[in-house]
Amino acid sequence: MTSDSPLAGRLDGLLFFPVTAYTPDGAVDLAAFRAHVRGGIDAGAAAVFACCGTGEFHALTPEEFADCVAAAVEEAAGRVPVIAGAGYGTALALRFARLAHEAGADGLLAMPPYLVAAGQRGLLRHYTALAAATPLPVIVYQRDNAVFAPATVVALARTPGIIGLKDGLGDLDLLQRIISAVRTEAADADFLYFNGLPTAELTGPAYFGLGVRRYSSAVFAFAPEIALAFHRALTTGDQDTVARLLDGFYRPLVELRNQGHGYAVSLVKAGVRLRGTDVGEVRPPLSEPDPAHVEELAALIDRGLALVAGAPGARA
């Protein structure tokens with residue numbers, strides 16, 4: 001089925017996943033969140049994915065979720081689309097979808113179901129029920145306990161309201177088979193694919209080889225200058241800049257990220273604070289990065305900015 005969703009045509013460019021800001025006492029800080037979202041849009045984000053993985057969807061109450069999505073929608077003011085997370089079991093996913101729609105979101109990123117490892121038939125029932133219950137277009141997130149066989153993705157692609165797959169698994173063999181199956185068996189589906197791995201830039205060239213050109217950028221949340229420079233180099237075929245930023249910034253960043261549990265979120269949040277927006281700490285069960293790792297992050301950001309500026313000797 002060919003998608004007639006206007007959202008599909010608005011998702012080219014860098015996809016911004018803002019963190020959720022908290023006050024020192026742990027409450028949601030909507031003013032800081034608004035500033036963070038506004039800054040990302042002004043910097044050139046193509047879309048805002050609010051209250052998703054980087055935005056600690058797992059830690060938000062439904063009421064907090066609704067407030068944050070509404071704030072993101074107000075800050076976007078139609079300039080870029082706002083996609084909200086939705087997850088847990090089917091009943092709660094439908095509730096979050098309804099709240100996102102009421103808050104003015106343009107679409108949903110359907111997170112994996114909570115805890116259980118379901119079979120293909122159960123996963124298909126879950127996501128088709130979500131798509132049937134909301135007028136919002138749905139992007140399905142493959143990762144962790146939501147891993148799809150090619151035939152399941154073909155069925156998803158044929159489902160009205162489901163417009164794409166975000167891959168956070170990184171199994172390129174499986175993803176190639178999925179793309180081939182959808183192309184062969186759902187040829188009229190206007191289906192989108194996204195690289196959703198943490199620090200997606202590191203695998204960007206490999207995903208581009210499969211024709212997957214859209215990706216989420218955690219780095220954009222704290223260093224949009226670096227993220228935009230890499231995106232521009234990747235999409236224009238500037239291999240020298242791609243290699244320079246991969247070697248000098250992204251690979252060291254991934255190695256730093258891998259030194260702590262939850263760093264895919266908490267290290268990003270530390271980076272946002274380092275760049276001048278006080279978004280607070282992460283909520284439990286996540287914890288803050290080791291101070292020495294935050295110092296390493298600060299040095300890496302400086303190096304990345306120098307690489308973008310073309311500073312002499314910055315390749316190291």
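# A walk from the pocket to the helices

Let's start with helix α10, which gives the most to the lining of the largest pocket, with 5 residues. Helices here are DSSP runs of H or I with at least four residues, strands are E runs of at least two, and both are numbered from the N terminus. Bear in mind that this is a predicted model, where local features need pLDDT of at least 70 and side-chain atom pairs count only at pLDDT 80 or more, while totals for chains, interfaces and linings use all residues. Residues are numbered from 1 along each chain as its sequence is written, and side-chain values use heavy atoms, with hydrogens and water left out.

Back to that pocket. It holds about 840 Å³ of space and is lined by 36 residues. If you want to find its centre, look for Gly 53, Thr 54, Met 111, Arg 143 and Val 265, which lie nearest to it. The elements that give two or more residues to this lining are β8, α9 and α10. Sorted by class, the lining has 23 nonpolar, 9 polar and 4 charged residues. (Ala, Val, Leu, Ile, Met, Phe, Trp, Tyr, Cys and Pro count as nonpolar, Asp, Glu, Lys and Arg as charged, and the others, Gly among them, as polar.)

How do a pocket and a cavity differ? On a 1 Å grid over the protein atoms alone, a cavity is a set of points where a 1.4 Å probe fits but cannot get out, whereas a pocket is an open set with protein on both sides within 12 Å along at least five of seven lines; lining residues have an atom within 4 Å of a point. Grid points are joined across faces, edges and corners, and the volume is the space filled by probe spheres set on the points.

The structure holds 1 cavity of 30 Å³ or more, and the largest cavity has a volume of about 40 Å³. Its lining includes Leu 15, Phe 17, Phe 49, Phe 194 and Tyr 215. Strands β7 (192–195) and β8 (214–217) each supply at least two residues of that lining, so you meet β8 in the linings of both the pocket and the cavity. The cavity lining has 7 nonpolar, 2 polar and 1 charged residues.

Now for the helices. Helix α9 (residues 239–257) packs against α10 (residues 263–274) at an angle of about 115°, with the axes 10 Å apart. Axes are lines fitted to C-alpha atoms, for helices over the stretch in contact, and angles run from 0 to 180 degrees between N-to-C directions. Leu 253, Leu 256 and Arg 257 in α9 meet Tyr 263, Ala 264 and Leu 267 in α10, where contact means heavy atoms within 4.5 Å. That contact has 5 nonpolar residues, no polar ones and 1 charged.

Helix α10 also packs against α11, at about 60° and with the axes 10 Å apart. The two are therefore oblique to each other (under 35 degrees counts as roughly parallel, over 145 as roughly antiparallel, 65 to 115 as roughly perpendicular, and the rest as oblique). Among the residues that meet here are Tyr 263 and Leu 267 in α10 and His 293 and Ile 301 in α11. The contact has 8 nonpolar, 2 polar and no charged residues.

Helix α11 (residues 291–309) has another partner in α8 (residues 224–236), at about 45° with the axes 9 Å apart. That makes α8 oblique to α11. Glu 225, Ile 226 and Ala 229 in α8 meet Ile 301, Gly 304, Leu 305 and Val 308 in α11.

A cis peptide bond joins Pro 284 and Pro 285, with omega about 10°, and Pro 285 sits in the loop between α10 and α11. Ala 77 has a phi near 50°, a positive value in a residue other than glycine.
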